[in-house]
Amino acid sequence: MPDHLRDLATSCHALGIELVVVGVADRAVTHTVEQLSPAVRAVAAPGSATAAELRRIGLASTDADIIAFVDTTPAGAIRRLEALVLATRGGGDTPNPKAEPFLSVTVPAHGCAETLPRCLRALRASDLAPAQWELVVVDDASTDETELVAAEYADTVVRLAGNPYGPAYARNRGADVSRGTALVFVDSDVVVHPDALSRCAERLSTDSEVSAVFGCYDMAPEAPGLLSKYRNLLHHYVHQANAGPAETFWAGLGAVRRGVFQAVGGFDEWHYSRPQIEDIELGRRLRRAGRTIVLDPSIQGTHLKRWTLGRMLATDFKSRGVPWMWLLLHEGPSPGSAALNLRRTQRWCVVLAGLVILAAVASLKYGWLALGVAGVAGIAILMLNHQFYMFLRKRLGLLSTLACIPLHFAYFVVALLSSGSGWIMQVFLGEPAPSPEREAFAQVGFKTWPPPLAQRSTMWRAPTPRDPDAPVRRSAVSNPE
């Protein structure tokens, strides 16, 4: 039996975690492996199994909450094991900072087995050296094969059971088990460009004044349909036009220093139990703490999401507009300049959209005079957004751009309605509050919701001996050193 496997088994036993060795087929060898420690289990696998298949078998053979995939190199594996166990037991910083990767990438995933492979493959294809970063995937109570997909690519998989807890909670749990000096968050439907991670690392390593940095979608959305293209290009244009210091944060593709993230309390998982504006709220806390956030539009990824009209309107109203207005009314304006879609021209467009609607309704009584007012307000909206429409024309052509204008108008109308609804809710309901159950746990000292898992076990996979003449598959075998 290899000495490095014995060392790994000894460490697992000392730390009280489980070691699963996948690929042991010979019964004598299996018996020897299982005699190393009560914490060691051997799991047989077909001789033809690929590295990815071995990982899937290993994950399926354990019910652990946290599953880490490592090679059998003793020093690096044991250092990582100690750091991970210390983190999950609330031990604070990892014991060996020099052994940390610079970046820890967390991907929150729920029911995304179709898009997740492309997301993770793109991350693994990054031009940043593998030793400088690690990949953590948090499966937020998926009912499909999300966790099995994650096992093929991730260094660590965190499995959450029960009902989904939302991306804020999932990202926080990914940060809990990671070791990096900086935390990178990537959505499961974003395919990062090869240089995205290296650009994040360069920005944070060369500019000590920057606490967080985020990027944008590129100009090549893959989802069919004009609506998806319009939505993606709107995001790209807004982020490109507002490069530099920012008042908010975007977790679709963004990085933040670990110490700063911990100092402000991470994502607010108490108030945001589903996808909403949890990243915007985090950015506001960072800015209120005097931290610098930078929007770097050269950090890009391709968005895979397919938009429908109903989804777009519901997202803008329920998940963004209302909670954002509620947040602004409760906390007041940002400490610096307006943030992205809250800039002065955009606020004027929202007001003008309301004037168009009022004038159109008034035309039923006042005729052409009211229609003239509506027309003037509409022309003003076109003039305020003419640069965006010129951008769309270059990308989509004239006819498609003309078709996007009503969609953009609807965007402003929804912003108006959500602002009014948010104001009404603030006046009559006050600040959004967690459920009584969550508040009860908070009063007895819990800082996260749901309360931390009572027991966190870890599964470590040691790969079977490989033919030395076989080609190395770096994307399939994790190497945390």
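1. A residue is called buried here when its relative accessible area is under 20%, exposed when over 50%, and partly exposed in between (1.4 Å probe, protein chains only). By that rule Gln276 counts as buried because its relative accessibility is 17%. Gln276 sits in the loop between helix H10 (258-263) and helix H11 (278-288); helices are DSSP runs of H or I with at least four residues, strands are E runs of at least two, and both are numbered from the N terminus. Not counting residues up to four places away in sequence, Gln276 touches His271, Lys318, Ser319 and Pro323, where contact means heavy atoms within 4.5 Å.

2. A word on the basis: this is a predicted model, in which local features need pLDDT of at least 70 and side-chain atom pairs count only at pLDDT 80 or more, while totals for chains, interfaces and linings use all residues. Residues are numbered from 1 along each chain as its sequence is written, and side-chain values use heavy atoms, with hydrogens and water left out.

3. Do look at Ala141, which has a positive phi of about 55 degrees although it is not a glycine. Most residues other than glycine have a negative phi. Ala141 lies in the loop between strand E5 (133-140) and helix H6 (146-153), and counts as buried at 9% relative accessibility.

4. Val158 belongs to strand E6 (residues 156-160) and is buried, with a relative accessible area of 1%. Leaving aside neighbours within four places in sequence, Val158 is in contact with Asp65, Ile66, Val136, Val137, Val138, Asp139 and Val177. Val158 and Ala68 are 90 residues apart in sequence, yet their C-alpha atoms are 8.5 Å apart in space.

5. In helix H3 (residues 51-60), the buried residues are Ala51, Ala52, Leu54, Arg55, Gly58 and Leu59. They lie on the same side of H3 because they cover an arc of only 160 degrees around the axis, the arc being that of the directions from the helix axis to the C-beta atoms.

6. Lastly, the helix pair H13 (residues 344-366) and H14 (residues 368-384) packs at an angle of about 160 degrees, with axes 7 Å apart. Axes are lines fitted to C-alpha atoms, for helices over the stretch in contact, and angles run from 0 to 180 degrees between N-to-C directions. H13 is therefore roughly antiparallel to H14, a label for angles over 145 degrees. Residues making the contact include Trp348 and Leu352 of H13 and Leu371 and Ala374 of H14.

Technical notes: Angles under 35 degrees count as roughly parallel, over 145 as roughly antiparallel, 65 to 115 as roughly perpendicular and the rest as oblique.
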